[in-house]
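Please go through the model below with its sequence at hand. The paragraphs after it take one region at a time.

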Amino acid sequence: MAGTVSESMTGKTKFSAISAMRRRRTRIRAFLSVIIFLVLFGGLVPVFAPLPSLSPLHHRHLHKRMNDRKFEVAEDMFWKDGEPFQIIGGDVHYFRVLPEYWEDRLFRVKALGLNTIQVYVPWNLHEPKPGKLVFEGIADLVSFLKLCQKLNLLVMLRAGPYICAEWDFGGFPPWLLAIKPALKLRSSDHVYLGLVDKWWGVLLPKISPLLYENGGPIIMVQIENEFGSYGDDKAYLHHLVTLARAHLGEEIVLYTTDGGTRETLQKGTISGDAVFSAVDFSTGEEPWPIFKLQKEFNAPGKSPPLSSEFYTGWLTHWGEKMAVTSADSTASYLDKILSKNGSAVLYMAHGGTNFGFYNGANTGVDQSDYKPDLTSYDYDAPIKESGDVDNVKFRAIRRVVEKYSATSLPSFPPDNAKAGYGPIQLQKTALLFDLLDTIDPADVVQSENPISMESVGQMFGFLLYVSEYAGKNYGSSLHIPKVHDRAQVFVSCPSGDNGGRPTYVGTIERWSNQALSLPYARCVSNISLYILVENMGRVNYGRYLFDKKGILSSVYLDGKVLHGWKMYPIPLHNLNEVPKINTIQVVSSGSIQQSARKKLEHKQESLSKEPAFFTGRFSIDKVNQVKDTYISFSGWGKGIAFVNEFNIGRYWPSFGPPCNLYVPAPILRDGENVVVVFELESPNSELLIHSVDKPDFTCGSSNSNVHTL
């Protein structure tokens with residue numbers, strides 16, 4: 001510890017000396033500027049000339065800045081307004097937190113001692129359909145950035161176009177997958193670059209007024225994300241730099257982030273464009289040998305040591321144990337960086353929630369080794385999913401940061417109040433197949449062979465594939481070589497005794513794809529085949545990023561290709577989109593057609609695994625009793641839940657580890673609250689869910705649901 005303290009004091013002495021030198025330089029420059037001003041204007045020499053015409057991209061240069069705000073890299077340090085600056089930051093994603101809670105979470109970041117927010121911009125959130133731009137609500141990026149500035153937090157903006165982030169498709173809009181011929185993502189493919197140019201042509205002018213030199217909080221803008229782990233197309237990276245400079249000017253610090261190895265830095269570094277190269281690495285690795293390597297990939301004097309992703313925890317996939325990391329070890333390795341005047345950004349400071357259908361996924365050895373992420377993005381971060389800070393990791397990191405903070409830290413904030421509103425009785429209000437009549441026939445796509453969800457225009461959620469085949473005197477074998485991600489198979493006989501109700505046959509999963517035996521059915525007419533495919537989240541990292549969804553191959557029945565398909569989109573709310581047909585409103589209001597209601601009554605006692613919608617209500621008596629809560633799905637199968645028509649995400653307690661879903665208070669209201677559950681398999685036998693006041697990650701098959709990294 002003595003050596004660490006000594007090194008820290010030496011670093012601080014160096015900072016003080018350089019600061020004094022910088023202040024002397026600034027005073028000399030100011031004195032010379034006054035002399036020149038007096039000579040020019042005192043002598044009444046006409047010095048004004050017509051200004052050259054400026055493009056709209058550089059309109060901000062029309063006004064000379066009266067206060068010389070500047071953030072720069074020099075002498076292997078960051079400098080803010082002529083003073084050395086140590087970045088002690090953290091990632092917070094506005095798209096994983098309700099806007100009503102942005103200020104609350106940022107205040108907790110301040111209480112942790114951080115001075116900088118690093119944040120991704122997901123293209124898919126802001127342009128869910130080509131040309132349809134969304135910058136309101138949870139997508140109101142500008143308001144989030146202004147809140148950062150209000151709280152005196154600087155911003156490192158990760159503009160993409162690819163972001164990873166355990167977010168669906170790494171932030172790319174899925175409609176890119178429907179373009180033919182197929183795009184070469186993250187490359188200098190001219191069609192792909194043309195689309196990026198259009199997107200950044202919208203995004204970057206929005207953030208330009210918020211750059212630090214323009215009076216805003218943004219000190220740095222990241223180009224791409226960990227590109228060295230993906231490819232080595234330098235022309236692509238240089239194109240992004242040129243585009244960023246055209247919109248943002250020459251003063252903003254552009255940076256890249258790559259893994260701390262020679263190979264990834266060689267591939268991901270953008271040389272010759274004055275782009276700063278930052279690194280990330282596992283929290284348990286010794287940082288300073290990696291920072292030494294980092295210097296080799298930056299210009300001389302342009303390599304302040306920066307871990308731009310200092311991992312405070314880790315992600316968890318469905319079916320895994322909940323990942324946790326040691327608070328003491330995390331704090332200790334952070335201290336190793338900060339004690340020698342290094343900079344670090346905590347990934348994550350606050351994780352949040354993958355609301356809607358936006359969770360990402362990973363793959364292993366091949367595309368079938370598919371691992372979708374949870375709805376919760378708690379990440380074992382110091383600020384928990386619900387904003388809680390009364391935990392060991394928050395305190396340990398705060399103690400370290402406090403030693404190096406230039407200002408005193410805010411007081412320790414209390415956790416937000418939570419409530420359990422008790423059991424909620426549900427009723428079955430609609431069967432999935434009875435809602436097909438509500439779908440606009442113009443939205444139903446017919447094709448000789450199955451086509452992808454993206455080609456149909458159903459970017460998230462579910463797509464129902466329907467075909468038919470002639471019955472035989474024996475059962476049949478169904479084989480779908482490539483299905484992304486999970487297919488539930490049903491058959492029905494329209495001339496049968498049960499009125500043609502679909503019967504569940506089995507499930508085909510991407511990660512355990514096997515042929516399915518279809519039962520023998522005595523049927524005068526052709527047998528209808530229904531395949532409900534769930535998109536469980538697109539791959540966000542690695543070589544299998546091009547991850548289309550739906551049935552992506554021919555369908556084989558007894559070895560022969562089955563032709564003649566109809567594709568029915570299932571319209572459900574997503575985070576930034578309300579479908580043309582408000583299915584949730586239809587099923588919660590009980591306004592299904594009379595014929596469907598009779599079928600529903602007929603099926604109430606059935607044990608069939610037909611997907612269905614269940615609706616329940618609970619009341620909150622007073623405004624001051626509206627608090628955060630969690631909905632427990634213990635005893636349920638798999639599905640999606642909506643509270644007051646807001647998609648709170650996926651549940652799957654049988655797979656685990658989460659048993660419940662987080663419901664932030666801003667979703668709720670005093671008076672009646674409506675919960676709609678779309679259950680795919682087997683509802684709780686009593687049709688009960690529970691509103692509880694604590695998270696629970698103990699579900700699934702494992703006895704121990706915590707995985708310590």
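Which residue in S34 is the bridge partner of Gln 425? In this predicted model, that partner is Leu 688. The pair belongs to a contact between strand S15 (residues 422–431) and S34, which run antiparallel and are joined by four bridges.

These two strands are part of an open sheet of eight strands, ordered S31-S30-S33-S28-S15-S34-S29-S32, with antiparallel pairing. Strand S31 (646–651) and S32 form the edges, each pairing on one side only. From one strand to the next the twist averages 25°.

Strand S29 (residues 629–632) can be followed across its two pairings. With strand S32 (residues 660–663) S29 pairs in the antiparallel sense over four bridges, and with strand S34 (residues 688–692) it is joined by three bridges, again antiparallel. Tyr 630 takes part in both: its bridge partner in S32 is Tyr 662, and in S34 it stands opposite Val 692. Both faces of S29 are covered, with Thr 629 and Ile 631 buried on one side and Tyr 630 and Ser 632 buried on the other.

Next comes helix H9 (residues 327–338). With 12 residues at 1.5 Å a residue, H9 should span 16 Å, and because its end C-alpha atoms are 16 Å apart, the model agrees with that expectation. At the start of the helix, a side-chain oxygen of Ser 326 comes to within 3.4 Å of the backbone nitrogen of Asp 328. The buried residues of H9 are Ala 327, Thr 330, Ala 331, Tyr 333, Leu 334, Asp 335, Ile 337 and Leu 338. An α-helix has 3.6 residues a turn, so residues three or four places apart point the same way. The elements that cover the buried residues of H9 include strands S4 (88–92), S9 (276–281), S10 (306–311) and S12 (343–350), together with helices H8 (287–295) and H10 (392–404).

Ser 277 is in strand S9, and it counts as buried because its relative accessibility is 0%. Residues up to four places away aside, Ser 303 touches Val 73, Asp 76, Phe 276, Gln 294, Lys 295 and Asn 298.

Last, the nonpolar interior. In soluble globular proteins, nonpolar side chains tend to be buried together. The largest nonpolar core here has 161 residues, of which Phe 144, Leu 145, Leu 157, Trp 200, Ile 218 and Phe 613 touch the most other members. Helix H5 (residues 190–207) gives the largest share of this core, nine residues. Apart from this core lies another, of 26 residues, including Ile 480, Ala 487, Ile 508 and Met 567. Phe 144, beyond its neighbours within four places in sequence, is in contact with Val 92, Tyr 94, Trp 102, Leu 106, Ile 117 and Val 119.

Definitions and conventions:
Residues numbered from 1 in each chain as written. Predicted model: local features only at pLDDT ≥ 70, side-chain atom pairs only at ≥ 80, totals over all residues. Heavy atoms only, no water. Expected span 1.5 Å × (residues − 1). Buried < 20%, exposed > 50% of the residue type's maximum accessible area, 1.4 Å probe, protein only. Contact = heavy atoms within 4.5 Å. Polar contact = N/O pair within 3.5 Å; in protein donor to acceptor, adjacent residues only side chain to side chain. Pairing = 2+ DSSP bridges. Axes fitted to C-alpha atoms, helices over the stretch in contact; angles between N-to-C directions. Core = buried A, V, L, I, M, F, W, Y, C linked by side-chain atoms within 4.5 Å.
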